[in-house]
Amino acid sequence: MEESRKKSRMVSHEEMERQREYTAWIRTENERYFTENGCRPRAFVLTLGCQQNEADSEKLAGMAMAMGYEMTQTPEEARLIMVNTCAIREHAEQRALSLVGQYKHLKAKNPELVIVICGCMVVQEHRINDIKFKYPYVDILFGTSSIHRFPELLCEKLRRGRRILRSDETEYLVAEGIPVHRESGFRAWVSVMYGCNNFCSYCIVPYVRGRERSRKKEEIVAEVRKLVAEGYRDITLLGQNVNSYGKDGGEEYDFADLLSELDEIEGDYWLHFMTSHPKDASRKLIDVMASSKHIARHFHLPMQSGSDRVLKAMNRRYDFEKYIGIVDYIREKMPDAVITSDIIVGFPEETEEDFEATLNALRRAKFDMIYSFLYSPRKGTPAAQMEGQIPAEEKSRRFDRLLAVQNEISLASNKPLEGKTLRVLCDGISKNNASFYSGRCEGGKIVFFEGEPSDTGKFLNVGIERGDTFALYGTVKR
Ligand code: SAH
Ligand code: SF4
Ligand code: F3S
């Protein structure tokens with residue numbers, strides 16, 4: 001009974017086999033293209049949104065490569081363009097639509113170009129209609145639950161030339177065995193679960209990613225083991241709320257147990273995870289972290305607001321007292337832990353008093369860093385219907401005040417690192433300043449230093465000389 005319930009949440013082997021057959025068909029077509037043109041057809045993937053989407057895009061790229069495409073960074077030279085969208089805020093949706101708009105002229109130049117739009121935005125009915133009617137040159141649309149069927153949908157398009165707008169997002173399953181093309185050779189994403197059951201009143205994710213479902217622990221352990229063996233140095237476990245891991249399987253095996261088991265894997269690597277919901281961030285989890293060898297001492301714990309009234313209206317199911325209790329416990333067990341958070345400014349009916357409670361919460365929690373967002377009403381969520389929406393100018397004013405308070409706290413958390421030596425995973429030449437190399441320490445803080453090409457992907461010891469608001473600066477100890 002238990003086993004059959006588990007199986008029913010999985011995409012079947014037969015289904016995955018079918019997808020491999022479609023993949024092989026397209027590969028043959030692409031081999032022919034190669035013989036005729038002397039180069040492989042190219043594929044371009046553009047990703048908006050969170051790490052979950054980045055992980056999905058690595059699957060899109062993996063499938064495209066298995067189908068005989070070569071990846072490119074230049075949409076102009078692609079025969080296949082995939083846009084993996086996000087719906088978390090209005091801005092993300094507008095960006096996706098404007099990017100897709102820019103591809104119209106590419107299609108006009110090359111009618112054989114196939115344009116695909118997928119991801120969270122296009123699970124929503126009104127966005128499917130936008131694409132259907134306003135973007136007729138988009139060839140394929142599918143939502144987050146159909147990603148494993150991409151080979152089939154592309155095959156159908158190539159064989160029959162029809163537009164495919166697949167909107168029947170009813171069954172959300174776990175698909176194993178999708179090929180992955182990882183962007184980095186030393187940082188990797190590993191999803192441990194998909195979907196969300198929490199329905200925070202502002203959030204679109206539960207509507208576009210379906211209900212929570214966990215991967216089997218054996219699959220996760222095998223994947224992490226393989227990554228470590230391949231030399232990956234930083235592995236981030238992903239889930240909208242990793243604390244719910246395993247709760248859908250009816251077993252007594254939770255996220256803390258998974259972390260303990262993964263921590264046993266021998267090697268020189270860090271294990272990160274995100275995101276952990278404060279309503280069920282357990283002491284057991286923090287204890288496991290504190291006594292582990294590989295779990296990075298970094299806790300991302302989104303607070304959203306410091307006002308109990310607002311937290312209730314957000315349906316977050318904790319109050320500030322409970323929240324700060326977790327922060328204090330993390331600091332008690334791991335005094336050097338980096339704690340980061342998410343804050344939403346301008347939730348409906350947020351008063352000046354509520355907002356000040358958030359500012360005070362920042363002063364009390366002393367996060368190393370926060371990600372802050374202007375509240376963006378999402379169609380179909382309860383908060384979008386609430387009275388008392390805050391005017392845009394007031395939201396921006398509060399946003400600026402929030403940053404001013406946090407910037408001082410961030411600076412105060414980075415200053416004491418001056419004179420210390422931190423272990424840093426080097427990412428290579430900095431994207432923003434080519435005269436520096438950059439990397440991240442265990443807690444995820446950005447560190448700049450003078451490096452060498454061979455440093456990329458390696459752990460370095462960096463003596464920190466300057467701690468600034470947003471970054472640390474230092475010298476490699478060689
Ligand atoms: N599952 C994670 C959050 C994923 S979304 C968690 O619960 O912690 C990342 C962040 O986006 C959220 O923490 C929240 O701060 C922000 N966010 C979500 N919906 C939003 C909205 N409608 N407007 C503004 N920010 C939003
Ligand atoms: Fe959205 Fe809340 Fe789920 Fe996070 S826990 S994805 S904020 S509904
Ligand atoms: Fe992520 Fe955006 Fe979807 S934040 S889960 S890509 S709505």
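**Group meeting: a first look at the fold and two ligand shells**

Okay, so the protein has 16 helices and 19 strands, taken as DSSP runs numbered from the N terminus, with helices being H or I of at least four residues and strands E of at least two. Its radius of gyration is 23 Å, close to the 23 Å from the globule rule for 478 residues, so it's as compact as a globular protein of that length. That radius is taken over C-alpha atoms, and the rule is 2.2 Å times the number of residues to the power 0.38.

A bit of housekeeping: this is a predicted model, where local features need pLDDT of at least 70, side-chain atom pairs count only at pLDDT 80 or more, and totals for chains, interfaces and linings use all residues. Residues are numbered from 1 along each chain as its sequence is written, chains are lettered from A and ligands numbered from 1 in the order written, and side-chain values use heavy atoms, leaving out hydrogens and water.

How much of the protein is buried? Buried residues make up 56% of the 478, where buried means under 20% relative accessible area (1.4 Å probe, protein chains only).

Now the ligands. Around ligand 3 sit Gly49, Cys50, Asn53, Cys86, Ala87, Ile88, Cys120, Arg209 and Gln240, each with a heavy atom within 4 Å of the ligand. That shell is five nonpolar, three polar and one charged; Ala, Val, Leu, Ile, Met, Phe, Trp, Tyr, Cys and Pro count as nonpolar, Asp, Glu, Lys and Arg as charged, the others, Gly among them, as polar.

Ligand 2's surroundings include Cys196, Phe199, Tyr202, Gln240 and Arg316. Its shell has seven nonpolar, three polar and one charged residues.

Methods
Buried means under 20% relative accessible area, exposed over 50%, partly exposed in between (1.4 Å probe, protein chains only).
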